[in-house]
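Please examine the sequence and model below. The briefing that follows treats strand pairing, helix packing and the ligand shell.

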Amino acid sequence: MNSPETVLEAKSITKSFPSPSNGSIEILKSASLEISEGESISLRGESGAGKTTFLNIMACLESPTSGSIFWDNKRVDNLSNTRQAALRSSFMGFVFQNYCLIPELNALENVELAARIAGIFNKKTPHLARALLERVGLKDRIKHLPSQLSGGEKQRVAIARAVLNSPRIILADEPTGNLDEHTASSVMAMFLKLCAERKTALMLITHNPDFAAMTSREVLLSNGEIKELRPSKA
Ligand SMILES: Nc1ncnc2c1ncn2[C@@H]1O[C@H](COP(=O)(O)OP(=O)(O)OP(=O)(O)O)[C@@H](O)[C@H]1O
Ligand SMILES: [Mg+2]
């Protein structure tokens, strides 16, 4: 049997920030991670361990001090910002703790935005976006603005937007951090299901051990390195 393809690889990433008082602080010391096609990985670690920094570096939204990033086996950290942005919009989706919806756009338009940004909006897009909103239980909220939606509903719109283009991977930074426990579990279950159906890989930063247990593999960021907590179930 062929081994699954690597979707994203971070190789020996280091990251230092200048310290406001003196010198610099090395947050990532030699962080390496390989994510396979369709795999869901939870990333845990203490507050300040560098999880968000590592996620931003994997997305090429921040530069590492040293090390390299590969998307679908292509080195990308050394490309121009414009080239990275062009590749990112179809390769990757994001879900953040604070939803990051556009306040002036309704739920449907917010979901469609993923296709517009990736330059693949076509006649089928509104239909696909609408079907996804129905899937996440928002059939009756399609024309609502973000200000007219609850936190759990906003996050379901953000999830629909992240999966719309069936990206190779979704990066999620504490996506349920602002939701109550019951809403958080149902949103998480839905999110994992949508990713699994599309064979979209997922890297999930979470402080919640129950959500971490729902993913196929658990890793920990500690002392600037990635440690395997539970290898892939697959
Ligand atoms: N631009 C910056 N300049 C200086 N230090 C920074 C900068 N960005 C992050 N840091 C430091 O890097 C460390 C890691 O931050 P990061 O946001 O990655 O942590 P985290 O693991 O995501 O924490 P949390 O669980 O609280 O979200 C922190 O100590 C933070 O102060
Ligand atoms: Mg963080």
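L8 stands opposite I35 in strand 2, with strands taken as DSSP E runs of at least two residues and helices as H or I runs of at least four, numbered from the N terminus. The model is predicted: local features need pLDDT of at least 70, side-chain atom pairs count only at pLDDT 80 or more, and totals for chains, interfaces and linings use all residues. Residues are numbered from 1 along each chain as its sequence is written, while chains are lettered from A and ligands numbered from 1 in the order in which they are written.

**Sheet**
- Strand 1 (residues 6-18) runs antiparallel to strand 2 and is joined to strand 2 by nine bridges; pairing requires at least two DSSP bridges between two strands.
- An open, antiparallel sheet is formed by four strands in the order 2-1-4-5.
- Strand 2 (24-36) and strand 5 (74-75) are the edges; each has a single partner strand, so one side of each lacks a neighbour in the sheet.

**Helix 1**
- K51, F54, L55, I57 and M58 of helix 1 are buried (20 or more other C-beta atoms within 10 Å of the residue's own, C-beta atoms being placed from the backbone).
- These residues lie on the same side of helix 1, because they cover an arc of only 160 degrees around the axis, taken from the directions from the helix axis to the C-beta atoms.

**Ligand 1**
- The residues around ligand 1 include F17, I27, G45 and K51, each with its backbone-placed C-beta atom within 6 Å.
- Helix 1 (residues 51-58) gives the largest share of this shell, three residues.

Key
A residue is buried if 20 or more other C-beta atoms lie within 10 Å of its own, exposed if 12 or fewer, and partly exposed in between; C-beta atoms are placed from the backbone.
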